[in-house]
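Please look over the structure below, then read the short report that follows. It covers strands, helices, salt bridges and one surface patch.

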Amino acid sequence: MKALFFLRHYNDIDHVTPVIFKWIKSGHQCDVVLIGSATFRNDYRIHYLESLDGVRVSHIREIFSKLEFFKWRLQMFLLTGNVRRLFLLGSLAQSAAEFYNEEKRANLWRRTADLLLTRCFGDASGGVVAFDWVERNSVISIEWIRTLIKMARDRGIGTVSLPHGDSPHANQLIRRGERQVGPDNTFSNAGIFDKLVVPNELCATRFRPFLDDQSIAVLGSPRFCEEWLAKLAEIMPPSPIKQSDSQLKVVIFLRKANFTTFWEEVGEVVQMIAAFPGVELIIKPHTRSGWKQSLTKDKAITRLSNVSIAGDDAHSVHLMNWADVIIDLATSVVFEAVRMKKPVLAADYLIAGRSVIADYMPETELRCRDDVYEKINHFLLNGCDSFYLEAHRQRFLKEMLDGPDEAVLSSYVSLLEQSGT
C-alpha cells in the first residue's frame, strides 16, 4: 500500500519518523513531503528515511515549479496567524486575504493538491494521506489542508492525523493569556480527518470536545516506544558533546516561549546548581523558540565556567545520554529519560502548571528552591540509582507511552492499513 506523509517541523519529524520506519518495514511504500523549512532536508532522521527502499523524500519546493511554489507560499503567508498578529504586516495580510478571497484561492489549492496526490498515488484508489495534528495556529493553511483532504477522499484515499508530540501537562491553563478552563479551539480542526491518533488518554481529552469516540485512536507513543528507541540509538549521529569527568552532569530542558515560565527563579536555580563543586550543567533551549528565551542571553549565567548552552546539533538523545540528572519544565522530551530510569526533577514551581511527570511520580517534584538544593546534594553524596518508586514509573510507562498494546508501531501501521482500504 502507498502512503503520503507530510512533515512540517522538528516535532513532526521526531514523532512521525518511527511510524514511517515501521510502515516501510511492514512492506509498504510512501512519499514523504516536507512542507516546512528546507533546512530539515539535513536532519539525520530524514537522511535515514531516504536510505530506506520504498521511501521517496522531497521538499515541496522540489515538486512544484518555482512560480507555483511562490504562489502557494504567498497564499500561505496571507493566512498565517503568526503574520496576522504583526501590527502593520498583519493588517496588510488581512486586507490582501480579503481581496484575494477564498474563492479565488481555491484554484491554486486544488491544482497543487492534485499534483501531490497524482504524483504519489497515480490513478489508483486506496492508500492513505497522513498529516500531523493540524492545529488552529498552524503555519500551513487549514484551507489548503481541507482541500487536499477532500480531494483525497474523492479518490478513495484515507486520511489520518498522527501525533507531533505528547502532553507534558496535567492541567489545561499553561500559556500566557489563558484564563478559562474548557474546550480549546486550538484543536478544533481535528475533525477534518477520518481518524486522529493520540499516544494516551491525556492527549485524547484535548480532542474529545470536537470528535466522536470512533474518530480517535489511543495507540501509545511512537517516539518513546522501546522499538523506536532501539532503532534511534543505531541511526543518531555522533554526539557533539564532549565527554566529561564531572561528578554530576545536569541538563535543563526549556519550554516554548509562549508557556508561562518564571525566568528569574530559573536563573536562580541555575546559579545555585552551578555553585556545587563537581557539577556541570547544560541548558537546552526549545528547538523552535529558544531565541526568545531570556535565560540564554543572561551574561551572569553564560559566563559560568561549568554552564553551557546546547547548540542545534545537540539533539535530545545526545543530552539524555550525557546527563546523570534532567531538570524538566514540563517538556515531553524527558519521557525518554523516565524510560531509561534516569532521574527527572519536575520543576513545577518554575512554571504556571502541573507536569505529568510530577503527577504520576510525586517523588520527582521540585516545590521550592530548598528541594532543588537537597536533591542535587543527595545525588552528589549518594549517586542517582533507586530514584523512582518503580510502581509509579511502571504506571507512567503503561498509561502514557505503551498504549493498549506494547507493540506500538505495529498498531500504528494497522490503523493506517485500515484507513487506506
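Which residues of α7 are buried? They are R105, A106, L108, W109, T112, A113, L116, L117, C120 and F121. Buried means under 20% relative accessible area, exposed means over 50%, and partly exposed lies in between, with a 1.4 Å probe and protein chains only as cover.

This is a predicted model, in which local features need pLDDT of at least 70, side-chain atom pairs count only at pLDDT 80 or more, and totals for chains, interfaces and linings use all residues. Residues are numbered from 1 along each chain as its sequence is written, and side-chain values use heavy atoms, without hydrogens and water.

**Helix α7**

Helix α7 covers residues 102-121. Helices (H or I, at least four residues) and strands (E, at least two) are DSSP runs, numbered from the N terminus. The expected span of a helix is 1.5 Å times one less than its number of residues. Just after α7, G122 takes a positive phi of about 60°.

Strand β2 (residues 29-34) is mostly covered, with 5 of its 6 residues buried. Two strands pair if DSSP finds at least two bridges between them. Strand β1 (residues 2-7) runs parallel to β2, and 6 bridges join them. In this pair, K2 stands opposite Q29 in β2. From β1 the chain crosses through helix α1 (residues 10-25) to β2, in a right-handed β-α-β crossover. Right-handed means that, with the strands pointing away from the viewer, the path from the first strand over the helix to the second runs clockwise.

β2 also pairs with strand β3 (residues 55-59): the two run parallel, joined by 5 bridges. Here V32 stands opposite V57 in β3. β2, helix α2 (residues 44-50) and β3 form a right-handed β-α-β unit.

**Salt bridges**

The structure holds 31 salt bridges. A salt bridge is a side-chain nitrogen of Lys or Arg within 4 Å of a carboxyl oxygen of Asp or Glu. Three of them are listed here.

| Pair | Closest N and O atoms |
|---|---|
| R208 and D213 | 3.1 Å |
| R369 and E265 | 2.6 Å |

R208 is partly exposed at 29% relative accessibility, whereas D213 is exposed at 52%.

R369 forms its salt bridge with E265. R369 lies in helix α16 (residues 369-382) and E265 in helix α11 (residues 263-274), so the pair ties together parts that are 104 residues apart in sequence. E265 is buried at 16%, while R369 is partly exposed at 35%.

E399 and R395 both lie in helix α17 (residues 390-402), 4 residues apart, about one turn of the helix. An α-helix has 3.6 residues a turn, so residues three or four places apart point the same way. E399 is partly exposed at 37%, and R395 is partly exposed at 43%. Elsewhere, salt bridges that share partners join D14, D43, R45, R223 and E336 into one network.

**A nonpolar patch**

L67, F70, L74 and F77 make a nonpolar surface patch of about 400 Å². Patches are made of residues with over 30% relative accessible area and no salt bridge: like charges are joined within 9 Å, nonpolar side chains (Val, Leu, Ile, Met, Phe, Trp, Tyr) within 5 Å. Accessible areas come from the Shrake-Rupley method with a 1.4 Å probe; for residues, only the protein chains shown count as cover. F70 is found in helix α4 (residues 66-79) and is exposed, with a relative accessible area of 53%.
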